Amino acid sequence: MVALAAVAMAGCATQRSPSPRDPFEPVNRATFEFNDNADKFVFKPVAEGYRAVLPEVVRTGVRNFFSNLRDPWNAVNQLLQGKVELALSDSWRFIVNSTFGIGGVMDVATDMRLPKHNEDFGQTLGVWGLDTGPYLVIPIWGPSSVRDGVGLVADAYAFLPWWIPDWLDLQHRVAWQNSLTALDFVNIRANLLDATNILEEAALDRYAFVRDAYFQRRRSLIYDGNPPPQPNAEKSGAAPVDLQTEPAREPAALAPAVTGEKEFPSPAAAEAAPAQGMQVVEPQVPANYAAVLAADRARVAVAR
């Protein structure tokens, strides 16, 4: 469900084509349809009611509260990925928001230049070099992969709303755990209403749209928004010349214009020419060369 936010803005799928990363496509499509119907008839109406009943300031506080509870796990994953500085930043962010932000309801850490990060164990496995594996659609949760599905188990175990009722020794702990989990889920779905509306309007094959955008988003997250070019995406052949930066090249030597019948040198004259030395003819640039170059630059720009 969380992945839909970036998925909805990643692009538009216009045709269905088989993907080597999706060997379980028939099962995945069936699960996708199940999730889609569950969202259409249950989760989306509840999220719309949640948004209609609660004012924006309350929804923002709820979002900040659960976001703050994810920061310790973000810090752990940052540390496992070797990002010690970011791990310290996320740790300080949790401490600041938990104290000065009244349990994380207010996000004061961002104003203190402690930005929000989103790290999960699936990203950590990717940083460690584990391949993403085949695409999977998990019931209720949504798009995932074999690697991220394994990481999801660790993420669920580290979900603090499941531990807080035990730590506080609350009565009816299971009810508290389920209530906090449901509130988090509904709040996330309410925040994605606009994004999923765009998805429904943009994609012709919504399944392929979500699948391809999911892989793009996860790759971007693993490389912190700066993924290297994929080998199969590199273009073969010579790189195109950029006329904006490429220096103007002088044209080859142009033969003088000849009117009337052409004259060819005799064999004797051709043999005598090397003895007399070669006559160097200075290249002449046509008077309209600048106009031709400008027209060609416009043509290349349109072709791109």
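Me: What span should the 16 residues of helix α4 have at 1.5 Å a residue, and how far apart are its end C-alpha atoms?
Reply: In this predicted model, helix α4 covers residues 84-99. At 1.5 Å a residue, its 16 residues should span 22 Å. That agrees with the distance between its end C-alpha atoms, which is 23 Å.

Me: Which residues of α4 are buried, and which helix is included in what covers them?
Reply: The buried residues of α4 are A87, S89, D90, R93, V96 and N97. What covers them includes a helix of residues 56-80. That helix is α3.

Me: Is N28 buried or exposed?
Reply: N28 lies in helix α2, residues 25-53. Its relative accessibility is 3%. The cut-off for buried is under 20%. N28 therefore counts as buried.

Me: Which residues does N28 contact, leaving aside neighbours within four places in sequence?
Reply: N28 belongs to α2. With neighbours within four places set aside, its contacts are D22, Y135, L136, V137 and Y207.

Me: How is α7 oriented relative to α8, roughly parallel or roughly antiparallel?
Reply: The axes of α7 (residues 160-167) and α8 (residues 173-191) come within 9 Å. They cross at roughly 150 degrees. Angles over 145 count as roughly antiparallel. So α7 relative to α8 is roughly antiparallel.

Me: How many nonpolar, polar and charged residues make the contact of α7 with α8?
Reply: The crossing of these two helices is right-handed. From α7 come P161, W162, P165 and D166. From α8 come R173, W176, Q177, N178, L180 and T181. By class, the contact has 5 nonpolar, 3 polar and 2 charged residues.

Key:
Residues numbered from 1 in each chain as written. Predicted model: local features only at pLDDT ≥ 70, side-chain atom pairs only at ≥ 80, totals over all residues. Heavy atoms only, no water. Axes fitted to C-alpha atoms, helices over the stretch in contact; angles between N-to-C directions. Helix = DSSP H or I, 4+ residues; strand = E, 2+ residues; numbered from the N terminus. Parallel < 35°, antiparallel > 145°, perpendicular 65-115°, else oblique. Left-handed = near helix turned anticlockwise from the far one by under 90°. Contact = heavy atoms within 4.5 Å. Nonpolar A, V, L, I, M, F, W, Y, C, P; charged D, E, K, R; others polar. Expected span 1.5 Å × (residues − 1). Buried < 20%, exposed > 50% of the residue type's maximum accessible area, 1.4 Å probe, protein only.
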